[in-house]
Number of protein chains: 2
Amino acid sequence: MDFFVTILGSGAATPKRDRQCSSQVVNINGFKMLVDCGEAAQHQVRATHQRMQSLGTIFISHLHGDHIFGLPGLLSSMHLCGRTEPVTVFSPRGLREAMQTLFRISNTVPQYEINYVEIDASEPVEVFRNARCVVTAFPLDHSVPCYGYLFEENQPFFNIRKEAIERYALSPADIQLVKEGADFRAPDGTVVPNGELTLPKRPVHRYAYCCDTAYTESILPVVEGVDLLCMESTFANDFASVAAEKRHCTALQAAQLARKAHVGRLLLTHFSARYSDVVPLLEEAQSVFPDTIAAADGMTLAVKAL
Amino acid sequence: MDFFVTILGSGAATPKRDRQCSSQVVNINGFKMLVDCGEAAQHQVRATHQRMQSLGTIFISHLHGDHIFGLPGLLSSMHLCGRTEPVTVFSPRGLREAMQTLFRISNTVPQYEINYVEIDASEPVEVFRNARCVVTAFPLDHSVPCYGYLFEENQPFFNIRKEAIERYALSPADIQLVKEGADFRAPDGTVVPNGELTLPKRPVHRYAYCCDTAYTESILPVVEGVDLLCMESTFANDFASVAAEKRHCTALQAAQLARKAHVGRLLLTHFSARYSDVVPLLEEAQSVFPDTIAAADGMTLAVKAL
């Protein structure tokens, strides 16, 4: 299964020439989701050759401007480019009011439906599920209500063993039931357990996005063992007190969380505009968690390392 | 006097890779004003090497998204970059409500003052004046309330003739009064008329911005004889009926207005995203008004041709 993340913006607070504000596309086997939507996200969607209209499912971590100011333009362009399919936006409370106000005064009347799903949860909660993925929101520790998102592949169906189809003369209807997990009852009444008819499901891959947040071990149970953990690392550790005050992480703290959560790889993002070169932050993290990558705008990486 | 326009965005509705949404900087002898603020205007401010904090006076033509969706990010970045000087935003009614809602839900609390001046005028009205310029708003013909802006150099003071200072032994206080237009009363009671003491004022230069609007001759008295007329020209004339329906101009109509208003030069902008190449629109306008320029993002041009 293909499971990729494309970085549209990896900068914090204000855009720089080479780092836009927070935004990513998560692609699970062709199903794409937008995660955060900083200003000019729609420009980055074009620059990275995404199909804008494929991004009908949007997850917003929190309502700070560098994570939402691209949303009016994106949703407006979807409308102007003829969208009719609905869009669903998950976010903390308040986004619906702001977007509806902005659309009202700008006389923007999308001809497609926008569903605002406002999350208010103190524990991890499944917010989205389809045939390809399951998304869980979980609280982070920021200055405003803020959620991380866990993206997991969904494997709703078993793969059937080809030889079983022949041996038990399975009809298409039988096959569907078996794929869904049922045992097979033969015409003579014999019951063949599902496990004999299907291949074991392979492990699902998982990606977790944590931005923005202070260092908090409350996320560990949720992100335990994910293949790729994306952590904000706004500052290097010499700014740890500033980070704590603003409820952000340092690169070192991100790495400490990655190590404690036994993740596969760590992806650093949300770099303060004070850093033109993020290699020192990368090296700081790698001193604790070697398998770390620094996000760059336009980068696509696989959630599961080969 | 220096009087320049820098194009930040010359596209309509949705951004293209080489055309951002509407935004310009008008610079009158170092005093800069932002005119419209489409998404990513702050990126274009950086790209054109403007000083963001110099743009504390902002004129918004109307509240369609392609003219305002860059405002939240720009005002937020001004705050994050330490601004303390107030900002004044002129616009039709509604912008204050939307911006204040967006700032409230995004917990953006600028440490500088933002004055929203909401214009509601059916006739041309002076909305701004300082020592360097005078700005008049005038109604356009669009699908929502929309204003054009006329930017005129201000010449509040006369230049004094150097020989007059010596001949009449003018004190600094006398000089100031004469510069302001007063006659000079000599100690012996003789009155020297101001015209004998000062040089004639040179003609002021004027720039008019009309975007968005359908063809309307109601603007002619205001823009009569301006040095540079910036007109929207969303479509070529084969789309005249679409233009009329959406209350936009064609390039031909823009040129017809320029000719009727006896302007110095015509600047076309706000090109529909359907046009990758705007030369046909330029040629269409030039068939009626030869001294026409097609705006391009990043271009700076003098209001008065040499």
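Predicted model: local features only at pLDDT ≥ 70, side-chain atom pairs only at ≥ 80, totals over all residues.
**Entry 1: the contact between the chains**

I find 31 residues from chain A and 31 residues from chain B in the contact. On the chain A side, I looked up which helices take part: α1 (41-47), α2 (65-68), α3 (71-80) and α4 (95-105) each supply at least two residues. Which helix gives the most to this side? My note says α4(A), with six residues. I also sorted the side of chain A that touches chain B by class, and I get 14 nonpolar, 13 polar and four charged residues.

**Entry 2: how the copies are related**

Next I laid chain A on chain B. A turn of 179° with a shift of 0.0 Å along the axis does it, at an RMSD of 0.2 Å. The two copies are therefore related as by a two-fold rotation axis. I then asked which residue of chain A comes closest to that axis. I have Ala40(A) down for this, its C-alpha at 2.9 Å. The same surface serves both copies, since I see 100% of the contact residues of chain A recur in chain B.

**Entry 3: the sheet in chain B**

I moved on to chain B and traced an open sheet of seven strands with mixed pairing. I wrote down the order as β7-β8-β9-β12-β13-β14-β15. At the edges I find β7 (125-129) and β15 (292-294) of chain B; each has a single partner strand, so one side of each is left without a neighbour in the sheet. Neighbouring strands of this sheet are turned by 20° against each other on average, direction ignored.

I took one pair for a second look. β8 (residues 133-139) and β9 (residues 147-153) of chain B pair in the antiparallel sense, over seven bridges.

α10(B) lies across β13 (228-232), β14 (265-269) and β15 of chain B, and runs at about 155° to β14(B). α11(B) packs on the sheet too, touching β14 and β15 of chain B, with its direction at about 165° to that of β15(B).

How do the two helices meet each other? The axes of α10 (residues 251-260) and α11 (residues 279-286) of chain B come within 8 Å and cross at roughly 35°, and I note the crossing of α10(B) past α11(B) as right-handed. From α10(B) I list Ala251(B), Leu252(B), Ala254(B) and Ala255(B), which meet Leu281(B), Glu284(B) and Ala285(B) in α11(B). By class, I count six nonpolar, no polar and one charged in this contact.

Methods
Residues numbered from 1 in each chain as written. Chains lettered and ligands numbered in written order. Contact = placed C-beta atoms within 7 Å. Helix = DSSP H or I, 4+ residues; strand = E, 2+ residues; numbered from the N terminus. Nonpolar A, V, L, I, M, F, W, Y, C, P; charged D, E, K, R; others polar. Least-squares fit on C-alpha atoms with pLDDT ≥ 70 in both. Axes fitted to C-alpha atoms, helices over the stretch in contact; angles between N-to-C directions. Left-handed = near helix turned anticlockwise from the far one by under 90°. Pairing = 2+ DSSP bridges.
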